[in-house]
Amino acid sequence: MRVLGIDPGLTRCGVGVVDVEPNRTAKLVDVVVLRSPADLDTPRRLARIADGLEAILEEHRPQAVALERVFARSDVSTIMGTAQISGVAMLIAARRVLPVALHTPSEVKAAITGYGRADKAQVGAMVARILGLESVPKPADAADALALAICHAWRTGGAAGAAIADARSGAAAARSGRDGSGGPLTPAQRAWLTAERAAAVSGAARRVKE
């Protein structure tokens, strides 16, 4: 199962991609921290992060996306930036018909270290150990994104990835209204067909407006 983990933030957005086997063995695929300068206005900062997320999704084609759940903090501006990037990420994933899961920091810490109140240093050290890395990914946003991806894969056991793979494998057959064996469409195939048709209509509408 290939999972894209996102530690959302407007100034720094950690993005990590991991492949996780059924036996829970995890392998690093890619990790990066997307940044947007504070001197840009918010719409352009969101666009810059969105462009980075689109490029990573296009390159690595994950089967699921895991995001940190937004929670209350004392800094309102931090909450706003985190929420805005989370919304952008969920929209991009939805347009690609990718399942999105939200995990709290405590859930991630418990999954990775066995202790829901572990500090960032402990999480980073365990991420490096799980992935067989010589050093902890820096900055902390990178390690947090990888921890999210690993946590999601371990918690779901690959079920989400299997579901989306099944949907995509039946996409061509869905266009004809039958599955690959000539039988009726599965719910996943019907959902994929609906999404494809919606995307086609949206594209046509944009061309008309232009």
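**Chat about D7 and its sheet**

Me: Where is D7 found?
Reply: D7 is found in strand β1, a strand being a DSSP run of E with at least two residues, numbered from the N terminus. This is a predicted model, where local features need pLDDT of at least 70, side-chain atom pairs count only at pLDDT 80 or more, and totals for chains, interfaces and linings use all residues. Residues are numbered from 1 along each chain as its sequence is written, and side-chain values use heavy atoms, with hydrogens and water left out.

Me: Is D7 buried or exposed?
Reply: D7 is buried, meaning under 20% relative accessible area with a 1.4 Å probe, protein chains only. D7 has no salt bridge (a side-chain nitrogen of Lys or Arg within 4 Å of a carboxyl oxygen of Asp or Glu).

Me: OK, how far away is the nearest side chain of opposite charge?
Reply: That is K120, 5.4 Å away; Lys and Arg count as positive, Asp and Glu as negative, and His and the chain ends are not counted.

Me: What is D7 in contact with, beyond four places in sequence?
Reply: Its contacts include R12, E68, D141 and D144, with contact meaning heavy atoms within 4.5 Å.

Me: Switching to the sheet, what's the strand order?
Reply: The open sheet runs β3-β2-β1-β4-β5, with mixed pairing; two strands pair if DSSP finds at least two bridges between them. The edge strands are β3 (26–35) and β5 (100–103).

Me: And in which sense do β1 and β4 pair?
Reply: Parallel, over 4 bridges, and G5 stands opposite A66 in β4.

Methods:
Buried < 20%, exposed > 50% of the residue type's maximum accessible area, 1.4 Å probe, protein only.
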